[in-house]
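Dear colleague,

Please find below the structure that I am handing over to you, together with its sequence.

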Amino acid sequence: MKTYIVGNWKMNFTVGEASIYLHKLLKTIKPAKNLQVAIVPSTVALQPLSLQIDRKKLKLGAQNCCEKDYGAYTGETSITQLRGLVDYCIIGHSERRYVFNETDKMIREKVAACIRNGVTPILCIGETESERTFGETKDVLKDQLVSGLKDISKEDLDKCIIAYEPVWAISSVKGARPATPDDIASSINIIRDHLKATYGKEIAEKIPVLYGGSVNPNNAGAYLTIPGVNGLLIGGASLIASQFNDIIETAKKVAA
Ligand code: PEP
């Protein structure tokens, strides 16, 4: 299976800054077997970057999309409009769930919209600090998987990527602390066991599961070698080209 390195730039960089960053990255990055690197800029930068990108080296993703394909939805961007520009779309990021109050229904409809439009959804799931404290991690992960994948047929499941992102480990969250490899391994087992029980062993083993939360060049290698982890979703460290590049280099060694 491929190793995925995905940089979520969130609401950072002007279009000009994004273009300069991409220019730098394209100079350093070399395509590697079994490694897929993607950057996920703001919606406004997707069109210009899609003209600049070398898709043999890098892919583009969107940070969010509307669950509808077109219509009277002021301020929204549909995946129908984004397809052709992006290969991936992050869905259900914790900032969408908890800052923008996205419901389970919206999230599953967005996942379905991606599949309908030929874009790979990266469905983010993860427990909050208090859910973890109260021993609810397993239930939360299972509920978010059941709900997020509800409108997806078994045949389409292998067009999805899951990202496990414990909210308490996301660097921009107040009091965030990095997850230990044991914390992550236990949640990845919950995710894989659920997928296996629901969809069967074959598909459960085929779906890429990424980890995200305070990843940096120092811990990337340890996170990437956790059994069942197929890549990393990176926020803060992806904003610094040298750090993102170091993580890519580490991933290359792991993927080789
Ligand atoms: C994220 O928000 O998806 C994320 C993983 O952020 P960070 O790497 O900054 O913790």
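A cavity here is a set of grid points, taken over the protein atoms alone, where a 1.4 Å probe fits but cannot get out. Please note that the model is a predicted one.

By that definition, the structure holds one cavity of 30 Å³ or more. The volume of the largest cavity is about 40 Å³. Its lining consists of G92, H93, S94, R97, Y98, C124, I125, G126, Q144, E165 and V167. By class, this lining comprises four nonpolar, five polar and two charged residues. Helix α4 (94-98) and strand β5 each contribute at least two of the lining residues, and α4 provides the largest share, with three.

One of the lining residues of the largest cavity is C124, which belongs to strand β5 (residues 120-125). Is C124 buried or exposed? C124 counts as buried because its relative accessible area is 2%, under the 20% limit. The C-alpha atom of C124 lies 6.0 Å from that of Y164, although the two residues are 40 positions apart along the chain.

Turning to the ligand, 14 residues surround it, and the closest are K10, H93, S171, S214 and G236. This shell is made up of four nonpolar, seven polar and three charged residues.

- S171: a polar side-chain atom is 2.4 Å from a ligand oxygen.
- E165: an N or O atom of the side chain is 2.8 Å from a ligand oxygen.
- G235: a backbone N or O atom is 2.8 Å from a ligand oxygen.

Taken alone, the ligand exposes 290 Å², of which the protein buries 99%.

The largest pocket contains about 530 Å³ of space. It is lined by 18 residues, with T43, Q63, N64, R96 and F100 nearest its centre. The lining of this pocket divides into six nonpolar, eight polar and four charged residues.

N64 sits in the loop between β3 (59-62) and α3 (79-82). N64 is classed as buried because its relative accessible area is 18%, which is under 20%. Its side chain forms a polar contact of 2.8 Å with the side chain of K110.

With kind regards

Definitions and conventions: Residues are numbered from 1 along each chain as its sequence is written. This is a predicted model: local features need pLDDT of at least 70, side-chain atom pairs count only at pLDDT 80 or more; totals for chains, interfaces and linings use all residues. Side-chain values use heavy atoms; hydrogens and water are left out. A residue is near a molecule or strand if one of its heavy atoms lies within 4 Å of it. A polar contact is a pair of N or O atoms within 3.5 Å; within protein, one must be able to donate a hydrogen and the other to accept it, and residues adjacent in sequence count only if both atoms are side-chain atoms. Accessible areas come from the Shrake-Rupley method with a 1.4 Å probe; for residues, only the protein chains shown count as cover. Ala, Val, Leu, Ile, Met, Phe, Trp, Tyr, Cys and Pro count as nonpolar, Asp, Glu, Lys and Arg as charged, and the others, Gly among them, as polar. On a 1 Å grid over the protein atoms alone, a cavity is a set of points where a 1.4 Å probe fits but cannot get out, and a pocket is an open set with protein on both sides within 12 Å along at least five of seven lines; lining residues have an atom within 4 Å of a point. Grid points are joined across faces, edges and corners, and a volume is the space filled by probe spheres set on the points. Helices (H or I, at least four residues) and strands (E, at least two) are DSSP runs, numbered from the N terminus. Buried means under 20% relative accessible area, exposed over 50%, partly exposed in between (1.4 Å probe, protein chains only).
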